[in-house]
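Hello,

Here is the structure we discussed. Please look it over, then read the notes below.

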Amino acid sequence: MTAQSLEQLRRCTVAVDLGAARTRVYVRGSGLVVDEPSIAAVNTHTGSLIAVGSLAQQMSGRTPKHIRVVRPVSGGTVVDIDMAQRMLRVLVSDKIRKAWRRNPMLRVAVCLPHDAEPIAQRAAVETLTGIGARRVELVDILVAAAVGCGLPVEQPEATMIVMCGAASTQVAVLSLGSIVAAEKVLVGGDAIDYAVVQHLRSRHELMLPTQGLHPLHLALSADPAADGAEVRGRDVATGLSRTVMVSTSQVREAIHTPLTAVIDAIGRVLRGCPPDLVADLVEAGVMLAGGSAVLPGLDRMIADSTGMRVRIAENPDVCAVMGLGAMLEGRVQPLHLDPLGA
Ligand SMILES: Nc1ncnc2c1ncn2[C@@H]1O[C@H](COP(=O)(O)OP(=O)(O)OP(=O)(O)O)[C@@H](O)[C@H]1O
Ligand SMILES: [Mg+2]
């Protein structure tokens, strides 16, 4: 982050993280005001919006034919600009929207996946200008998340962040406010969930409902020492409802394959880094962020394969938007280099 780009961000009032799973909005002076699923339910006959966010998520998998549950953001990119705008308009409360309307120079900061294509950048800008932003600042999500985790990104020392979201996992080494080496793999919480669903289907002959893995996530992340948790689903053969006990070790085994892609990405980033920075990382360790950071065994697997200390961020799911928020509030100071030593 140059002093100039931080100055531009300080002029923004709103920070937005349009994730594949959740949409988060931070408003300067108010904090995090929206943290809802990036989902909308639409009436296919009339085209009208029926619900957005958690309410639409509850409808997922339970809708009659004329209601369709859609995700306007896929893989961190807005794929349906019109729907994303409609969803955001409803998610942001009336009070804040009125304040936006009164602000003819509303500036919005939005974080985008690392190395986002120009078309993805344009889609994000168009989405936000459509809901009243006059100017949109784009920030690499890895820089925003590193700031949100409290990493000393502006310092001349290496920090490594592994951001495991819903659609992808992004890994970066940062120093002096910029990314030195980074990688993105299309394996995130969704691919990991899919591996668990497939495991339950083949091992327990059980088909899970759309939200069926949520209780398992909650039970295992709330109590890492738990042996397992119960999940309810439909028996593949009889069609009847059945409950099975899934142990933590089974979950670990099921997610091992997708997680090797994450481990490989970390290896590639380390190989692309100058040795001085890798030496720093041995001291500093790796910071895990993103909603899937709390997956049981992910931290241990990374620690075992890299030999480095792994920490999970305090609020791993919201650190990108909170990092953007810290930049808007002016809490991030650029490193002032003084070449003449004056
Ligand atoms: N307690 C938990 N245990 C395990 N996984 C979880 C837990 N809570 C959320 N997840 C997973 O985290 C993912 C959502 O993460 P996050 O909120 O970072 O996504 P996102 O920012 O919308 O996605 P992306 O950054 O890929 O666009 C989902 O795949 C979800 O299954
Ligand atoms: Mg995200």
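Two strands count as paired if DSSP finds at least two bridges between them. Strands (E, at least two residues) and helices (H or I, at least four) are DSSP runs, numbered from the N terminus. This is a predicted model: local features need pLDDT of at least 70, side-chain atom pairs count only at pLDDT 80 or more, and totals for chains, interfaces and linings use all residues. Residues are numbered from 1 along each chain as its sequence is written, chains are lettered from A and ligands numbered from 1 in written order, and side-chain values use heavy atoms, without hydrogens and water.

**The sheet**

Strand β2 (residues 22-27) pairs with β3 in the antiparallel sense, over 6 bridges. V25 has V34 in β3 as its bridge partner. The open sheet has 5 strands, in the order β3-β2-β1-β9-β10, with mixed pairing. β3 (31-37) and β10 (135-140) each have a single partner strand, so one side of each lacks a neighbour in the sheet.

**The helices**

Helix α3 (residues 81-91) packs on helix α5 (residues 118-130) at about 45°, with the axes 9 Å apart. Axes are lines fitted to C-alpha atoms, for helices over the stretch in contact, and angles run from 0 to 180 degrees between N-to-C directions. Contact means heavy atoms within 4.5 Å. In α3, I81, A84, Q85, L88 and R89 meet A123, E126, T127, L128 and G130 of α5.

α3 lies across β1 (14-18), β2 and β3, at about 55° to β2. α5 lies across β1, β9 (107-112) and β10, at about 145° to β9.

Best wishes
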